[in-house]
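Trainee: I would like a close look at a single part of this model, with its surroundings worked through in order. Please keep to what can be read from the coordinates.

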Amino acid sequence: MNQIQLKRGKEESLLRFHPWVFSGAIQHVDDDVDEGDVVRVVTADGRFIAVGHYQEGSIAVRVLSFRDVPIDDAFWASRLQSALNMRIAIGLADAAANTTYRLVHGEGDHLPGLIIDVYGHTAVMQAHSIGMHRCRRQIADRLVEVMGRRVTNVYYKSETTLPFMDTENGFLYGGSDDNIAVENGLKFYVDWLRGQKTGFFVDQRENRALLERYAHGRRVLNMFCYTGGFSFYALRGGAGLVHSVDSSAKAIDLTNRNVNLNFPDDSRHQAFCEDAFKFMERSTQAQGPTYNLIILDPPAFAKHRGALHNALKGYTRLNQKALQMIEPGGLLFTFSCSQVVSKDHFRNAVFTAAALAGRKVRILHQLHQPADHPVNIYHPEGEYLKGLVLYVE
């Protein structure tokens, strides 16, 4: 196995089990190492410290193990079994009312660069590293073996996460046109062919359930609705009116289909294909419906640290507009899924928005990603989803 040798003293983070080796820490790379290869990482004096996937870029090695073990069928089966055991322990893997959950969450499940979401009997696998892409068929075989009756199809979806690679989305195992899954008893279509991420935002499951508790009798505005998850939870919760807004026509079509799947011809719901800021500005100026429950769940405003400043300005502007338009006694569910935006960053942006809007605001809940999106204690960067539920006077 090829080796990566670190500069002297650069092994400290690995001794604390952080699963990344940055390019600046590397002294020497064996000549015949290719991207995606499994490599041994050794210290300056040649001591083994980790084994992982090599890739050019800032993160040069994603650590698979801190033990000197072969990365073979037994390794993949063991890691996948460990991930499944945790989902069984928290009551997700075999729940009849919930056939949707994340089985593998990258570093959180000690498989950096790999995401696997389960929708009914179909697992959607997504690679975020060349190494995982190269191992995709081996992983899919072990996945079917470990999951048994739970999974009969494995769909691979990495065209958007590895755009520089010659990847092709498609089934690695089985094949199915049944793309209806269940979450907390509600049905929805999963667009794993053309949809964002793996086809649905599994990470908002618990937060959607919380919103349902507060929705009764409220007039709800769901901004950046994507597939309408918060919208059909609000309808089940007894909302008097639900408006869904997204700039994507495909998202609006899927939202309407999901709402009709659960609440056919329900006149309480209406969807709008429009830019979020333009919709909110128009709603503020017009004598149209007012809202006393607003959801802000935008896409990541910052993909890297260089975009942090502009992202925080965007979060402030967005929340200020929502706080200006919400009725007294209203609730605001507001989120950030940008990994580089910390909890403190996000909270300060919302604090600034409240001050600029001149509203009295109280924090009712501080929200985060669910248990099937675990955070590796040695990799705090994995805590990416932040949310607040605010009571606005």
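This is a predicted model: local features need pLDDT of at least 70, side-chain atom pairs count only at pLDDT 80 or more; totals for chains, interfaces and linings use all residues.

Mentor: The open sheet of seven strands runs in the order β16-β15-β14-β17-β18-β20-β19, and its pairing is mixed. β16 and β19 are the edge strands, each of them pairing on one side only. On average, neighbouring strands of this sheet are turned by 15 degrees against each other, with direction ignored.

Start with the pair β14 and β15. Strand β14 covers residues 219–223 and runs parallel to β15, with five bridges joining them. Within this pair, methionine 223 stands opposite valine 245 of β15.

Helix α6 packs on the sheet, where it touches β14, β15, β16, β17 (291–296) and β18 (326–336). The direction of α6 makes about 180 degrees with that of β15.

Helix α9 also lies across this sheet, over β14, β17, β18, β19 and β20, and runs at about 160 degrees to β18. The helix takes in residues 308–325, 18 residues in total. From its first C-alpha to its last α9 reaches 26 Å, close to the 26 Å expected at 1.5 Å a residue. Buried residues in α9 include Leu308, Ala311, Leu312, Gly314, Tyr315 and Thr316. Leu318, Asn319, Lys321, Ala322, Leu323 and Met325 of α9 are buried as well.

The buried residues of α7 are Ala251, Ile252, Leu254, Thr255, Asn258, Val259 and Asn262. Seen down the axis of α7, these buried residues fall within an arc of 165 degrees, so they line one face of the helix. They pack against β13 (186–189), α6 (229–236), β15 (241–246) and β16 (269–273). Ala249 and Lys250, on the other side of α7, are exposed. At the start of this helix, a side-chain oxygen of serine 248 comes to within 3.3 Å of the backbone nitrogen of lysine 250.

β13, one of the elements against which the buried residues of α7 pack, belongs to a hairpin with β12. Strand β12 (residues 180–183) pairs with β13 in the antiparallel sense over four bridges. Alanine 181 has phenylalanine 188 of β13 as its bridge partner. Two residues lie between the two strands, and asparagine 184 in the turn has a positive phi of about 50 degrees.

At the β20 and β19 end, the loop between β19 (361–368) and β20 (386–392) holds glutamate 381. With a relative accessibility of 28%, glutamate 381 counts as partly exposed. Neighbours within four places in sequence aside, glutamate 381 is in contact with His18, Trp20 and Gln339. The side chains of glutamate 381 and histidine 18 are joined by a polar contact of 3.0 Å. Tryptophan 76 is 305 residues from glutamate 381 in sequence, and the two are 24 Å apart in space, C-alpha to C-alpha.

β2 pairs with strand β6 (residues 59–65) in the antiparallel sense over three bridges, and phenylalanine 22 has isoleucine 59 in β6 as its bridge partner.

Strand β1 (residues 3–6) runs parallel to β4, joined by three bridges, and β4 pairs with β5 in the antiparallel sense over five bridges. Valine 42 stands opposite glutamine 5 of β1 and also opposite phenylalanine 48 in β5. The hairpin of β4 and β5 has five residues between the strands, with glycine 46 in the turn at a positive phi of about 90 degrees.

Key
Residues are numbered from 1 along each chain as its sequence is written. Side-chain values use heavy atoms; hydrogens and water are left out. Two strands pair if DSSP finds at least two bridges between them. Buried means under 20% relative accessible area, exposed over 50%, partly exposed in between (1.4 Å probe, protein chains only). The arc is that of the directions from the helix axis to the C-beta atoms. Contact means heavy atoms within 4.5 Å. A polar contact is a pair of N or O atoms within 3.5 Å; within protein, one must be able to donate a hydrogen and the other to accept it, and residues adjacent in sequence count only if both atoms are side-chain atoms. The expected span of a helix is 1.5 Å times one less than its number of residues. Axes are lines fitted to C-alpha atoms, for helices over the stretch in contact, and angles run from 0 to 180 degrees between N-to-C directions.
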